[in-house]
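Let's take a walk through a protein model together, starting with the whole and moving on to some local details. Have a look at the sequence and the structure before reading on.

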Amino acid sequence: MKQKNKSIMDLKNKNILVLGYGSSGQAVCKYLSEKSAKIWVYDDMVETDPYPKVTEYFSFSGLDLCICSPGFSKSHKIFEKINKSFVPCIGELEFASLNFCGKLIAITGTNGKSTVTSLLGAILQNAKLHCKVCGNIGLAFTQILSTSKKNTIAVVEASSFQLDSTFTFKPDIAVLLDITPDHLDEHKSFQMYIEAKQKIFKNQSINDYLITSQGSLKYCNNVKSKVVIYPCNNGAYDKNEYIYWKKRKIMCVHDVPLLGNGNLQNVLACVTVAKLLKIKNKIIANSIKNFKPLPHRLQPIGIKRGVLFINDSKSTTPESTDFAVKAVGGSPILLLGGKDKNLDYSIIFENKNVKDIIAFGESSQKISQTAKEFGKDIMLVDNLTCAVVLAMAISNEGDVILLSPACSSFDQFQNFEKRGEKFIDIYENL
């Protein structure tokens, strides 16, 4: 990647309203303060000290910019006033990219984003590149701005919500993983969800790269950048239990510490980016071998009375749950349920390799209705604790109890991490 000359926003004495005061909003406020901007914050849930908090009656006259945090709902009533005021409004991802002076690698897709972002970051760090992992994975992109240099490579996980509020976002390397229906409660249609994802490459030029899976190639329309597909015989692929780059052996598939074919595809995406950055095969192989799987993603947590418990709380779509069942193998006892995202659960019941299904939470009745359409009976309980206790009661030695909910956690938990931690706590107290 060639170094580009890039101008950074002049923020001194600019009047800026920040929407949302979560971790991203706080990072934006801190950076704006460092740049001597005048800051106001709108958040009807929390206090915004030390920055002045405003209400929807705030006068937008004189404002130069609004910056929206990723978790701030685009359906909020305040956007009516913003639209009428003609004040430009951008998301935190867009804002950070406009103020970042280094090289940008952005990763999106429905499943596997965090794994690819983390693994790619590990490969780059082991190659002694000045790399920072951020974005939807936890650390806000804006948080790395003050310590970044021209040789910094930002590896950014980009969600559909973050991409949806971008206009000029232009990564040097964009990675598009497989896309399946998700967040249809917010995006309203699968087509709108796809269009948000496509923004990752919309502004790229011939000097940039788009890395895409075979499955997502059909969504790559009007691309101006160089397209590299995986798996591909002229790139990264697996054959006869080995991973290759252009016919050169990288490593044995059995040395990949991640479960399932879907994760093997994620590894191929990382290999593709690493080779574009001219990283040596040995560094890539060692980084992958030593990579520790992220919590709540097909995470084995232990064995009780001969029964293996696996925490896959991060699975929040039916497709990711189907992937988890196939990755685990055998016939697991499946625990699923949570807040429905207007998704179709059919794929779960098309898989015949499930011993029993226990549904809990807000979506349990909808899941049960889908089960009936497939002529299957499932067990319904109120919450995760009841689900685990029942699963243990009906299990036999050698079984697997798999938490892979196919739904978001927001009916009973703050986030998927809290749900996974609760599952671990229940296991430990059985």
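**A guided tour**

Let's begin with charge: the protein has 53 positive and 41 negative side chains, and the centres of these two sets lie 11 Å apart. Keep in mind as you read that this is a predicted model.

Now step back to the overall build. The secondary structure comes to 14 helices and 19 strands. Along its principal axes, the C-alpha trace spans about 65 × 55 × 40 Å. How does the radius of gyration fit with a compact globule? For 430 residues, such a globule would have a value near 22 Å, and the protein has 23 Å, which agrees.

Next, let's look at rings. A pair of aromatic rings is described by the distance of the centres and the angle of the planes. A search of the whole structure finds 13 aromatic pairs. One of them joins Trp40 and Phe58: their ring centres are 5.9 Å apart and their planes stand at 45°, so the pair is tilted. The pair links distant parts of the chain, since Trp40 sits in strand β2 (residues 38-42) and Phe58 in the loop between β2 and β3 (65-68), 18 residues apart. Trp40 is partly exposed, with a relative accessible area of 24%, while Phe58 counts as buried at 17%, because buried means under 20%. Ring pairs link Trp40, Phe58 and Phe60 into a cluster.

The loop between β2 and β3 also holds Pro50, and the peptide bond from Asp49 to Pro50 is cis, with omega near 5°. Another cis bond runs from Tyr230 to Pro231, with omega near -15°. Pro231 lies in the loop between β10 (226-230) and β11 (236-239).

Finally, turn to the backbone angle phi. Ser36 has a positive phi of about 65° although it is not a glycine. You will find Ser36 in the loop between α1 (23-34) and β2. Ala406, also a residue other than glycine, has a positive phi near 65°, and its place is in the loop between β19 (400-403) and α14 (416-428). Are these residues buried or exposed? Ser36 counts as partly exposed at 39% relative accessibility, whereas Ala406 counts as buried at 2%.

Key
Residues numbered from 1 in each chain as written. Predicted model: local features only at pLDDT ≥ 70, side-chain atom pairs only at ≥ 80, totals over all residues. Heavy atoms only, no water. Helix = DSSP H or I, 4+ residues; strand = E, 2+ residues; numbered from the N terminus. Rg over C-alpha atoms; globule rule 2.2 N^0.38 Å. Lys, Arg positive; Asp, Glu negative; His and termini not counted. Charge placed at Lys NZ, Arg CZ, Asp CG, Glu CD. Phe/Tyr/Trp six-rings, centres within 6.5 Å; stacked < 30°, edge-to-face > 60°. Buried < 20%, exposed > 50% of the residue type's maximum accessible area, 1.4 Å probe, protein only.
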